[in-house]
Amino acid sequence: MSGKNKAKTPPDERPSVSSKTPQVMKLVSSEPPVNPVVIAGKSRIPKQLRGIEPLSKVMRRDAEAMLAPDEEEPTVSVDLTQAAIKENVTETLRRFNACSCEKCAAALSELVSGEVPARYADVPKSCAEDPSGSIPEVYEPIKREVLSKMIRILMGNKKRSFH
């Protein structure tokens, strides 16, 4: 019996190594991520769960406060859809071996802008030329939607030319 009642030694003072993946660690981190759906005001919270003020407005206000720019720098309203179209139109035309002249790029841009609704965001004046770097949480979903529409329009156009 004396062999079974051994005194327990304290564990080593080494930090434990986690077996969690980086994605899981991101989910359990202390800073909550900003949800672009909440910022856009498209949250679908049931009415039974809402308080005096809708929870979506509270969450939206908190998300906007987290992304609020410095008060010293003036902000400018930028059409993120047009910025995504302008950034990706020539590369998408080249990817599909389509004519990438200015006329075709303008025609494809016009077709895509008719299909995808315009979305605006207030960005600092210094970031107005390249809004993708200032608010990637909001810009990336718009960019994916624009690229999807561009590819669908190009696949529907068999001659790969717009002139």
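**Exercise 1.** Locate Glu 129 in this predicted model and decide whether Glu 129 is buried or exposed.

*Solution.* Begin with the secondary structure: Glu 129 sits in the loop that lies between β2 (120-124) and α6 (131-134). Next, take the relative accessible area of Glu 129, which is 75%. Exposed means over 50%, so Glu 129 is exposed. Finally, consider Val 78: 51 residues separate Val 78 from Glu 129 in sequence, while their C-alpha atoms are 8.9 Å apart in space.

**Exercise 2.** Describe how helices α4 and α5 are arranged, and which residues make their contact.

*Solution.* Helix α4 covers residues 80-95 and helix α5 covers residues 102-115. Their axes come within 10 Å and cross at roughly 130°. This angle lies between 115 and 145 degrees, and the two helices are therefore oblique to each other. The crossing is right-handed. On the α4 side, the contact is made by Gln 82, Ile 85, Val 89 and Leu 93; on the α5 side, by Cys 104, Ala 105, Leu 108, Ser 109, Val 112 and Ser 113. Sorted by class, the contact has seven nonpolar residues, three polar ones and no charged ones.

**Exercise 3.** Which residues of the largest nonpolar core touch the most other members, and what does Met 150 touch?

*Solution.* The core has 24 residues, and those touching the most other members are Leu 93, Leu 108, Val 112, Val 146, Met 150, Leu 154 and Phe 162. At least two core residues come from each of α4, α5, β2 and α7 (136-156). Leaving out residues up to four places away in sequence, Met 150 touches Ile 85, Asn 88, Val 89, Thr 92, Leu 108 and Val 112.

Terms used. Residues are numbered from 1 along each chain as its sequence is written. This is a predicted model: local features need pLDDT of at least 70, side-chain atom pairs count only at pLDDT 80 or more; totals for chains, interfaces and linings use all residues. Side-chain values use heavy atoms; hydrogens and water are left out. Axes are lines fitted to C-alpha atoms, for helices over the stretch in contact, and angles run from 0 to 180 degrees between N-to-C directions. Helices (H or I, at least four residues) and strands (E, at least two) are DSSP runs, numbered from the N terminus. Angles under 35 degrees count as roughly parallel, over 145 as roughly antiparallel, 65 to 115 as roughly perpendicular and the rest as oblique. A crossing is left-handed if the near helix is turned anticlockwise from the far one by less than a right angle, and right-handed if clockwise. Contact means heavy atoms within 4.5 Å. Ala, Val, Leu, Ile, Met, Phe, Trp, Tyr, Cys and Pro count as nonpolar, Asp, Glu, Lys and Arg as charged, and the others, Gly among them, as polar. Buried means under 20% relative accessible area, exposed over 50%, partly exposed in between (1.4 Å probe, protein chains only). A nonpolar core is a set of buried Ala, Val, Leu, Ile, Met, Phe, Trp, Tyr and Cys residues joined through side-chain atoms within 4.5 Å.
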